[in-house]
Amino acid sequence: MKFIDRKKELRVLNDARKASKKRLYSVLITGPRRVGKTRLVLETLKKSDLYFFVNDKKTSASLLSEYEGYLKSRGLLGNLESVRTWDEFFDVLFKRFSGVVAFDEFQNFSEVDSSVFGILQKFIDLNENRKNLFFIYCGSVAGLLKKLFSDSKEPLYGRVKRTLHLKEMPFTGVMDMCREAGVNDIEEMIKLYAIFGGFPKYYVSMEDEPIEKPNAEKILDAFFFSENAILEDEVMQILSLEFGRRSGTYYDILAGIAKGNTRISELASFLGKKETALTRQINELSNYFEIIGTERSVVGKKSTYYIRHPLINFWFRFFHKNISAYKRKETWLIEKVRRNFNSYVGRRFEFLCREFLEENGSGILPFKPEKIGRWWGHRRVDGERKEMEIDIVALNEKTNDILFAECKWQDKVNPNKILSDLKEKAQYVDWNKEKRKEHYAIFAKSFSTRKTQDNVILIGLKDIGKIISGN
């Protein structure tokens with residue numbers, strides 16, 4: 001698959017290469033696994049540059065021997081020369097090489113030989129004015145990488161000039177990748193986006209598989225339901241790399257969130273534990289591993305947890321609890337996934353709609369949103385508390401504009417009925433009620449009519465496709 005998007009990131013790396021002509025330069029690239037960090041680095045490198053993968057399954061001596069052979073193949077070491085220590089390895093790089101040196105999964109040195117960090121610090125400090133040398137450190141364990149370069153107690157503290165946190169591809173990029181893989185229908189694209197998000201690895205896998213006229217159903221079969229399915233062990237492999245031998249409580253928390261227990265009180269009840277017993281693991285999943293995120297209400301103080309990685313969310317929603325049945329490919333489990341898949345896509349559709357407004361809102365709405373998100377609240381009905389939610393609330397505090405929007409993963413939606421319910425819920429959103437200018441929008445697959453009250457903004461799948469494509 002051709003390299004898609006990442007123009008901003010490539011520009012930063014190209015600017016860094018230019019800066020290294022005058023002085024030693026270094027960039028840290030972080031991001032979740034499968035997001036395309038290695039591909040970005042390889043797109044940046046020229047044939048004359050160096051690329052080292054830090055394999056934590058090797059001993060220090062074995063990895064050093066591999067690197068020695070690579071240096072010889074590149075003419076940086078003579079056939080009779082050797083590098084027996086990491087000091088000697090870095091001495092060769094700093095004295096004999098000019099260009100870019102990339103270390104992939106750099107954090108793995110903590111498992112192979114942590115003395116590397118101190119040795120590298122020494123060479124950086126002694127060669128800070130060295131010209132034509134640019135180091136790229138790339139890795140997946142965000143918390144560990146942050147610690148290595150941001151903790152004042154660590155040898156490499158402050159030794160990078162720039163940090164790039166590589167995020168998922170936006171839906172615009174996903175559309176391009178789907179087309180490359182032979183999927184052209186926007187509804188099918190959204191279904192795949194609900195499973196894979198903006199992680200390029202999985203769309204490349206789609207292109208690699210011989211699936212005739214691919215769609216979401218066929219890809220679900222090939223990637224999850226068939227014998228020896230391509231992604232059968234993918235999530236467990238990712239989490240094994242992330243967690244190592246850490247507590248299984250991480251898995252329980254992820255399973256709870258995927259099932260809809262998105263507040264710590266709900267998680268504690270779901271797991272039969274006290275809230276205080278989960279605080280550390282939730283903090284680590286959020287800030288160290290960056291696997292879960294916090295979604296805050298646009299108005300008010302309420303917040304919920306969600307799983308950042310769509311495939312991990314999908315896995316825990318449908319397979320984790322029934323892993324034995326899944327391994328046997330039990331028919332009842334596969335049919336259950338198929339039955340509930342559409343409602344699952346509907347929830348993920350909300351994320352897409354918010355992203356769509358963040359990227360295109362200024363061209364669609366009568367104001368430019370400053371904040372976009374969900375809203376949670378409640379009202380009293382016959383003396384009982386009734387929870388409420390609005391899928392999207394967008395506002396601009398300077399202009400006093402506010403948008404209320406609902407997302408319906410359905411065909412032929414009646415917008416007038418949705419609008420009536422939406423207006424009723426909007427009354428309970430306590431934001432600038434005296435001055436605010438209210439606007440309404442509805443997202444759906446399609447609508448039964450385009451005639452609505454108050455010129456509500458209607459956005460169907462065809463509208464999304466046209467706007468994103470610029471047609």
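Buried means under 20% relative accessible area, exposed over 50% and partly exposed in between, with a 1.4 Å probe and protein chains only. The legends below describe a predicted model, in which local features need pLDDT of at least 70, side-chain atom pairs count only at pLDDT 80 or more, and totals for chains, interfaces and linings use all residues. Residues are numbered from 1 along each chain as its sequence is written, and side-chain values use heavy atoms, with hydrogens and water left out.

**View 1**
Phenylalanine 341 counts as buried, at 9% relative accessibility. Helices (H or I, at least four residues) and strands (E, at least two) are DSSP runs, numbered from the N terminus. A pair of aromatic rings is described by the distance of the centres and the angle of the planes. Rings of Phe, Tyr and Trp (its six-membered ring) pair if their centres lie within 6.5 Å; planes under 30 degrees apart count as stacked, over 60 as edge-to-face and the rest as tilted. The whole structure holds 50 aromatic pairs. One of them joins phenylalanine 314 and phenylalanine 318, which are edge-to-face at 5.2 Å centre to centre, with 65° between the planes. Both residues lie in helix H16 (residues 310–318), four residues apart, or about one turn of the helix. Phenylalanine 314 is buried, with a relative accessible area of 0%, and phenylalanine 318 is buried at 5%. Phenylalanine 314 also pairs with phenylalanine 341: the centres are 6.4 Å apart and the planes stand at 85°, so this pair is edge-to-face. The pair links distant parts of the chain, since phenylalanine 314 is in helix H16 and phenylalanine 341 is in helix H18 (residues 331–364), 27 residues apart.

**View 2. The open sheet S8 to S12.**
Two strands pair if DSSP finds at least two bridges between them. Five strands, in the order S8-S9-S10-S11-S12, form an open sheet with mixed pairing. Strand S8 (371–381) and strand S12 (457–459) are at the edges with a single partner strand each, so one side of each has no neighbour in the sheet. Axes are lines fitted to C-alpha atoms, for helices over the stretch in contact, and angles run from 0 to 180 degrees between N-to-C directions. Neighbouring strands of the sheet are turned by 30° against each other on average, direction ignored.

**View 3**
Three bridges pair strand S11 (residues 437–444) with S12 in the parallel sense. Phenylalanine 443 stands opposite isoleucine 459 in S12. Contact means heavy atoms within 4.5 Å. Helix H19 (residues 415–426) packs on the sheet and touches S8, strand S9 (384–396), strand S10 (401–408), S11 and S12; its direction makes about 135° with that of S11. Helix H20 (residues 461–469) also packs on the sheet, where it touches S11 and S12, and its direction makes about 85° with that of S12.

**View 4. Isoleucine 282 and its contacts.**
Isoleucine 282 lies in helix H15 (residues 279–288) and counts as buried at 4% relative accessibility. Not counting residues up to four places away in sequence, isoleucine 282 touches Ile253, Ile264, Leu267, Ile292 and Tyr305.

**View 5. Strand S2 beside strand S3.**
Strand S2 (residues 50–53) has Leu50 and Phe52 on a covered face and Tyr51 and Phe53 on an uncovered one. S2 runs parallel to strand S3 (residues 99–104), joined by four bridges. The bridge partner of phenylalanine 53 in S3 is aspartate 104.
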